[in-house]
Amino acid sequence: MELGDLVEYLENKTILITGGAGFVAKMFVEKILRTQPNVKKLYVLLRPSQCNSPPQRFQTQVMEKELFRLLRAKWGKEFDSFIWERVEAVGGDISDENLGIKDAILRDHMFKHIDFIVNCAATTDFFERYDVALATNTIGIYNILNFAKKCLKLKKLLHLSTAYVCGEKEGIISEKAFEFGETLTKTFTKLDFKIEKELVAHQLSQLRETKTSEAAINANMRELGTERAKHFGWPNTYVFTKAMGEMCVEQFKDDVPTIILRPTMIVSTYKEPFPGWIEGLRTMDTLIVGIGKGKLPFFLGIPNVALDLIPGDMVVNAMILSMVFGEGGMIYHVGSSIKNPVYISEIRNYIHRYFIENPLFDHKKENPITVHKIILLQHISTLNIYIAIRYLLPLKILEMVVSLPYLRCYKDVYAKNMRKLQTIMRFIQIYKPYVLFNMIFDDTNCEGLRENKVKGSRNLELMETFNFDPNSIDWEDYIINTHIPGLIKYVII
């Protein structure tokens with residue numbers, strides 16, 4: 001089957017998409033409906049809400065987004081009926097057995113008709129509560145596999161992971177599967193998600209027996225996630241639980257044909273359905289906003305380390321092609337660092353240039369915010385010295401000053417500067433694994449898809465529609481003229 005057959009192949013197919021309200025899932029749904037309007041059914045799994053039914057959630061959190069404007073323009077007054085004839089919003093949660101789908105008749109119907117399962121459900125908070133992250137990113141995968149085994153027509157299960165399951169490694173990172181129990185550090189303890197689940201349950205039970213407050217339980221669960229991640233060699237709870245999710249795939253897939261897709265840092269759309277669409281602050285966007293608002297004078301980062309970015313529409317294109325053409329058991333890195341890297345120093349310069357030419361305004365909308373090119377500190381030791389001299393020493397002096405009765409008017413100044421430092425340090429804690437380690441993600445398997453199915457196609461329009469080649473990106477033009485304007489339009493304003 002060639003690229004030209006792709007759209008026709010998706011005709012009359014039934015796809016289950018989990019995490020339906022998420023950034024990638026929305027783009028996936030829009031792309032399928034736009035390129036193959038004769039798809040039979042898209043089951044979109046959404047977590048139950050006390051306020052809104054699954055169809056109401058899909059309406060407000062998916063359909064009404066700007067992302068769907070091309071479809072809305074094409075179908076006009078028939079847009080709603082077009083969507084609801086093809087989409088069924090299903091209440092459920094992958095952390096529960098049978099994905100939390102209560103309706104037995106609906107479940108049986110799904111088991112008989114689903115052709116593909118696309119798992120986009122995840123909690124992406126780097127320092128999420130361990131019980132929450134484990135339930136969604138790990139145990140959820142186990143539940144999806146059990147659900148998939150009951151689907152009589154299933155052709156493929158596509159699991160959306162992250163390239164950063166590799167931890168804090170340097171050099172070329174291969175498209176290689178984890179072995180069950182594998183760790184990134186030498187430890188006598190074998191990694192087993194069932195043991196981790198028991199550990200969480202025991203700790204929660206103890207906390208509740210001692211009538212610990214919910215705030216304290218929340219903090220304890222967050223600390224436990226970070227502690228367990230670092231014990232086994234991962235930098236944060238998110239990538240740790242995603243790595244265990246991949247181990248579940250390898251250990252429990254049995255005869256289910258699975259694909260694992262590992263995107264790097266997903267940014268706004270490159271071209272499809274239009275350039276610059278984004279939702280929420282993602283990856284480097286906190287840095288962009290911090291610089292644009294003049295709140296980020298310094299940051300941690302090695303100038304010649306590549307920050308591996310990939311536009312969201314390219315990720316979706318890779319998902320569709322790997323879902324249809326990929327062989328069961330394959331792992332695909334979707335990123336740019338090996339083919340068309342963009343370096344931290346370049347990104348800093350592009351952001352600085354944008355806000356020099358297009359400054360944001362203060363909260364009163366009166367004065368443009370002055371931006372300075374941020375200082376990049378290349379080592380933790382250098383960072384600590386810089387912070388001590390530039391921030392901690394002046395703050396200590398200011399703390400002593402405000403303790404004097406007649407100088408308490410400076411208390412707000414002290415508090416404001418302390419909050420600013422704490423915010424910067426929180427950003428640094430999040431980004432440290434990605435700005436100090438020169439990770440280059442091998443994409444041999446992904447390149448095989450491009451070479452065999454996209455580049456060889458005679459249908460130029462389809463080649464453009466399903467393009468996921470990072471070589472086609474001019475990073476300077478994309479960041480300055482597409483990504484930052486999109487971020488400002490859809491997120492900041």
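Tutor: Let us begin with the kink in helix 7 of this predicted model. A bend at a residue is the angle between axes fitted on either side of that residue. In helix 7 the kink is about 40° and is centred on G140.

Student: How many residues of helix 7 are buried?

Tutor: A residue counts as buried under 20% relative accessible area. Helix 7 has 15 of its 19 residues buried, and is thus described as mostly covered.

Student: Which strands does helix 7 lie across?

Tutor: Helix 7 lies across strand 1, strand 4 (116-119), strand 5 (156-160) and strand 7 (258-263). Its direction runs at about 175° to that of strand 4.

Student: What is the order of the strands in the open sheet?

Tutor: The 7 strands follow the order 3-2-1-4-5-7-11, with parallel pairing. At the edges are strand 3 (87-91) and strand 11 (330-334), each of which pairs on one side only. From one strand to the next, the twist averages 20°.

Student: How many bridges join strand 1 and strand 2?

Tutor: Strand 1 (residues 14-18) and strand 2 (residues 41-46) pair in the parallel sense over 4 bridges. Within this pair, I15 stands opposite L42 of strand 2. Helix 5 (residues 79-86) packs on the sheet, touching strand 2 and strand 3, and its direction makes about 60° with that of strand 3.

Conventions:
Residues numbered from 1 in each chain as written. Predicted model: local features only at pLDDT ≥ 70, side-chain atom pairs only at ≥ 80, totals over all residues. Heavy atoms only, no water. Bend = angle between axes of the 7 residues up to and from the residue. Helix = DSSP H or I, 4+ residues; strand = E, 2+ residues; numbered from the N terminus. Buried < 20%, exposed > 50% of the residue type's maximum accessible area, 1.4 Å probe, protein only. Pairing = 2+ DSSP bridges. Axes fitted to C-alpha atoms, helices over the stretch in contact; angles between N-to-C directions. Contact = heavy atoms within 4.5 Å.
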